[in-house]
Amino acid sequence: YRNVEVLVCSDGPDPVARAAVNAIGDPRVRYLELPERPAYPAHRLSFWQTTGLRPANHALDHARGAFIAPLDHDDAFTADHVETLLAAARRERADLVHGRALCEQPAGPPVVVGSAPLARGQVAHGAVVYSSRLAHLRYDPHCWVINEPGDWNLWRRIRDTGAHTAFVPDVVLAHGRERTSIEADPGPRLPARPTDEELLADVRATDARWLLDVQPLH
């Protein structure tokens with residue numbers, strides 16, 4: 001499927017990545033980057049839940065396609081990823097379509113993850129395409145405050161709008177091991193949730209500190 005644009009967005013200035021992408025010489029491929037690296041929460045779980053969301057939003061600012069197909073740097077589409085999911089979106093008249101992912105494990109063979117209906121833990125980030133009509137719903141860089149990974153937080157909010165979703169029971173993604181950004185040999189268990197003290201410290205150290213100014217409605 002050739003009618004695509006590929007946006008590569010770096011989480012801050014990266015001359016090596018910029019040169020590598022520009023050297024491809026294909027007008028469908030464009031390089032973007034944030035002017036500086038954002039301040040992420042220090043706690044390992046909170047960092048894992050939110051890292052990469054801001055460059056993903058920056059890419060959405062520049063996306064021109066009718067559908068969005070997100071992909072993380074440590075994952076890979078199957079050759080028919082776009083063709084398969086886009087055909088399902090057209091056939092089902094769906095706003096969001098998700099498929100299955102072949103997920104690498106810390107030990108043992110990879111496993112296939114993905115099922116319907118759309119649910120937490122049953123959809124990989126890169127196994128989705130969704131309509132640009134939903135592109136105004138951006139990744140929430142503060143989703144870690146409510147203990148949600150950024151991708152699931154977005155899919156949940158899309159689902160909750162009443163958008164029509166569809167599922168394709170095909171593997172459309174090779175998904176790298178989880179949490180390699182926070183530990184060299186991630187095990188099957190997530191790091192512990194932050195304590196109240198750790199959560200407050202990270203809120204104060206990042207731009208989530210504006211949440212401390214929010215007054216409850218009575």
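Okay, let's start with helix α3, where L53, P55, N57, A59 and L60 are buried. Buried here means under 20% relative accessible area, exposed means over 50%, and partly exposed is in between, with a 1.4 Å probe and protein chains only. Helices are DSSP runs of H or I with at least four residues, strands are E runs of at least two, and both are numbered from the N terminus. And what do the buried residues of α3 pack against? They pack against β1 (6–10), β2 (29–33), α2, β3 (67–68), β7 and α5. Contact, by the way, means heavy atoms within 4.5 Å.

Before I go on, a word on what you're looking at. This is a predicted model, where local features need pLDDT of at least 70 and side-chain atom pairs count only at pLDDT 80 or more, while totals for chains, interfaces and linings use all residues. Residues are numbered from 1 along each chain as its sequence is written, and side-chain values use heavy atoms, with hydrogens and water left out.

Now, α5, which covers residues 150–160. Which residues are buried there? G150, W152, N153, L154, W155, R156 and I158 are. Their cover includes α2 (44–50), α3 (53–62), β5 (96–103) and β7 (128–131). Just past the end of α5 comes G162, with a positive phi of about 90°.

Let's zoom out. The protein has six helices and eight strands, and along the sequence they run β-α-β-α-α-β-β-α-β-β-β-α-β-α. The C-alpha atoms fill a box of roughly 50 × 45 × 40 Å along the principal axes. For 218 residues, a compact globule would have a radius of gyration near 17 Å, and the protein agrees with that at 18 Å. That radius is taken over C-alpha atoms, and the globule rule is 2.2 Å times the number of residues to the power 0.38.

How much of the protein counts as buried? Of the 218 residues, 40% do. If you take contacts between residues at least 6 apart in sequence, 69% of them join residues at least 24 apart. The accessible surface comes to about 12,200 Å², and 54% of that belongs to carbon and sulfur atoms. Those areas come from the Shrake-Rupley method with a 1.4 Å probe, and for residues only the protein chains shown count as cover.

On to charges. There are 24 positive and 29 negative side chains, and the centres of the two sets lie 4 Å apart. Lys and Arg count as positive, Asp and Glu as negative, and His and the chain ends are not counted. Each charge is placed at NZ of Lys, CZ of Arg, CG of Asp or CD of Glu.

How many salt bridges does the structure hold? It holds 12, a salt bridge being a side-chain nitrogen of Lys or Arg within 4 Å of a carboxyl oxygen of Asp or Glu. One of them joins D207 and R54, at 2.8 Å from N to O. D207 sits in the segment after α6 (196–205) and R54 in helix α3, so this pair ties together parts that are 153 residues apart in sequence. D207 is partly exposed at 34% relative accessibility, and R54 is partly exposed too, at 22%.

Another salt bridge links D95 and R133, with 2.6 Å from N to O. D95 lies in the loop between α4 (81–92) and β5, and R133 in the loop between β7 and α5, so here the parts tied together are 38 residues apart in sequence. D95 is buried, with a relative accessible area of 15%, whereas R133 is exposed at 60%. There's also a network: salt bridges that share partners join E148, R156, R159 and D160.

Most residues other than glycine have a negative phi, and most peptide bonds are trans. Where do we see something else here? R93, in the loop between α4 and β5, has a positive phi near 50° without being a glycine. N147, in the loop between β7 and α5, isn't a glycine either, and its phi is positive at about 60°. Are these two buried or exposed? R93 is exposed, with a relative accessible area of 72%, while N147 is buried at 18%. And the peptide bond from A116 to P117 is cis, with omega near 0°; you'll find P117 in the loop between β6 (111–113) and β7.
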